[in-house]
Amino acid sequence: MAYIATPLSTDIVISNVVTIHYFSYASNFSFPGETHDFWEFVYVDHGEIQICSDGVWSTLSKGQIHFHKPNEFHALKATGEKAPNLVVVAFICKSKAMKFFEGKTLPVSDVDCSFLRSIIAESREYFANPLNDPSTEQMIPAKHASFGCAQFIRSSLECLMIQLIREATKETFSQSYVLGMTNHENDDALLLQKLDRYFEANIARTLSIKMICKDNFVGYSRLKTLYQKYHHCSLMEYFAMLKIQTAQQMIRDRHLNISEISDALGYSSVGYFSRQFKKKCGMSPSEYASTILAMSEKTVPSTFEYPLFVVG
């Protein structure tokens with residue numbers, strides 16, 4: 001029998017990454033704009049922003065991604081209402097299929113988020129640069145990254161582009177399918193996404209393990225294994241972290257004072273809230289607020305980096 005190998009075509013090939021960022025901004029920041037000869041996309045993880053593409057301003061909301069083509073002038077600013085968290089990735093791609101993304105703003109599905117999550121997670125390990133440093137002009141590989149990190153980043157970026165095109169043209173797989181995952185890993189990812197939505201909806205409550213298991217029809221032993229495997233902490237430590245991250249978001253929104261934020265998130269007292277905040281962040285809520293104010297006056301991102309997609 002004579003076997004004949006079949007070459008695999010490549011519709012999108014990303015040759016280089018320029019920068020990969022995950023920023024947390026104050027609600028009043030602005031970036032005056034720039035142009036460069038490579039692609040860039042902006043994804044809003046939390047909040048909303050206004051973006052400028054070749055002189056045209058529009059609003060980009062949570063769960064949306066926008067692409068800037070090479071040599072396009074682009075700028076952005078917060079709306080003054082909701083402090084944004086942004087994923088910003090700049091890359092080089094000469095593939096003809098990229099023409100699809102020119103001027104595009106697209107919704108991001110759970111499948112797309114899985115690729116974005118992989119890009120950020122692998123980048124945090126592969127690059128020595130912090131992902132929230134706006135002065136970064138070159139991403140430097142770390143000395144002891146895990147095997148295959150760079151390829152994982154490139155593959156995830158390429159798969160993200162392919163999936164976005166498929167979704168926009170209705171050529172998509174079932175949303176329960178996540179490329180590159182086993183069935184078990186896919187089940188884990190979907191359960192984690194479900195729980196994140198549950199935590200977001202109940203962020204002001206005082207939850208117990210029993211309540212979480214009952215409300216989500218899942219056993220504690222599975223949750224314990226799941227959170228240790230993917231988040232390296234216990235279930236309740238994770239929820240406590242989400243509360244603090246939500247508090248950070250609310251401080252950056254600048255609509256409520258510290259006492260009001262404590263009440264809104266269901267803390268028993270302002271003192272307890274402040275102690276928990278300082279334990280997680282290394283500074284008090286008021287010190288964090290002062291730092292955010294100083295950063296916003298310089299129109300640069302906060303130096304505090306959040307885990308990606310832990311809420312919503």
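These legends accompany close-up views of a predicted model.

**View 1. The chain as a whole holds 9 helices and 9 strands.** The chain has 312 residues, and buried residues make up 46% of them. Take the contacts in the chain with a separation of 6 or more: residues 24 or more positions apart account for 72% of these.

**View 2. Five strands form an open sheet with antiparallel pairing.** The strand order is β1-β8-β3-β6-β9. Which strands stand at the edges? They are β1, residues 14-24, and β9, residues 105-107. Each has a single partner strand, so one side of each is left without a neighbour in the sheet. On average, neighbouring strands of this sheet are turned by 20° against each other, direction ignored.

**View 3. Strand β8 pairs with β1 and with β3.** β8 spans residues 85-93. With β1 it pairs in the antiparallel sense over 9 bridges. F23 has L86 of β8 as its bridge partner. S24 stands opposite N85 in β8. β3 and β8 also run antiparallel, joined by 7 bridges. Here W39 has F91 of β8 as its bridge partner. Is β8 enclosed or open to the outside? Of its 9 residues, 8 are buried, so β8 is largely enclosed by the rest of the structure. In a regular strand the side chains alternate between the two faces of the sheet.

**View 4. V42 lies in strand β3.** V42 counts as buried because its relative accessibility is 0%, and the cut-off for buried is under 20%. Which residues does V42 touch, leaving aside its neighbours within four places in sequence? V42 is in contact with I49, L60, Q64, I65, H66, H68, L86, V87 and V88. T105 is 63 residues away from V42 in sequence. In space, the two are 9.4 Å apart, C-alpha to C-alpha.

**View 5. A further open sheet is built from 4 strands.** The order is β2-β7-β4-β5, and the pairing is antiparallel. At the edges are β2, residues 30-34, and β5. Each of these edge strands pairs on one side only. From one strand to the next, the twist averages 20°. β2 meets β7, residues 74-78, in the antiparallel sense over 3 bridges. F31 has L76 of β7 as its bridge partner.

**View 6. Helix α1 packs on the five-strand sheet.** The helix covers residues 110-126. Which strands does α1 touch? The contacts are with β1, β3 (residues 39-46), β8 and β9. The direction of α1 makes about 90° with that of β1.

**View 7. Helix α1 also packs against helix α2.** Two packed helices are described by the angle between their axes and the distance between the axes. α2 runs through residues 149-168. The angle between α1 and α2 is about 160°, and their axes are 9 Å apart. That makes α1 roughly antiparallel to α2, because angles over 145 degrees count as such. α1 passes α2 in a left-handed crossing. On the α1 side, the contact is made by V111, D112, F115, L116, S118, I119, E122, S123, E125 and Y126. On the α2 side, the residues are C149, A150, F152, I153, S156, L157, C159, L160, Q163, L164 and E167. How do the residues of this contact divide by type? There are 13 nonpolar, 4 polar and 4 charged.

**View 8. D54 has a positive phi.** Most residues other than glycine have a negative phi. D54 is a residue other than glycine, yet its phi is near 50°. Where is D54 placed? The residue sits in the loop between β4, residues 48-53, and β5, residues 56-61. With a relative accessible area of 47%, D54 is partly exposed.

**View 9. F217 also has a positive phi, though it is not a glycine.** The value is about 55°. F217 belongs to the loop between α4, residues 209-216, and α5, residues 220-230. Is F217 buried or exposed? At 76% relative accessibility, F217 counts as exposed, because the cut-off for exposed is over 50%.

Notes: Residues numbered from 1 in each chain as written. Predicted model: local features only at pLDDT ≥ 70, side-chain atom pairs only at ≥ 80, totals over all residues. Heavy atoms only, no water. Axes fitted to C-alpha atoms, helices over the stretch in contact; angles between N-to-C directions. Helix = DSSP H or I, 4+ residues; strand = E, 2+ residues; numbered from the N terminus. Parallel < 35°, antiparallel > 145°, perpendicular 65-115°, else oblique. Left-handed = near helix turned anticlockwise from the far one by under 90°. Contact = heavy atoms within 4.5 Å. Nonpolar A, V, L, I, M, F, W, Y, C, P; charged D, E, K, R; others polar. Pairing = 2+ DSSP bridges. Buried < 20%, exposed > 50% of the residue type's maximum accessible area, 1.4 Å probe, protein only.
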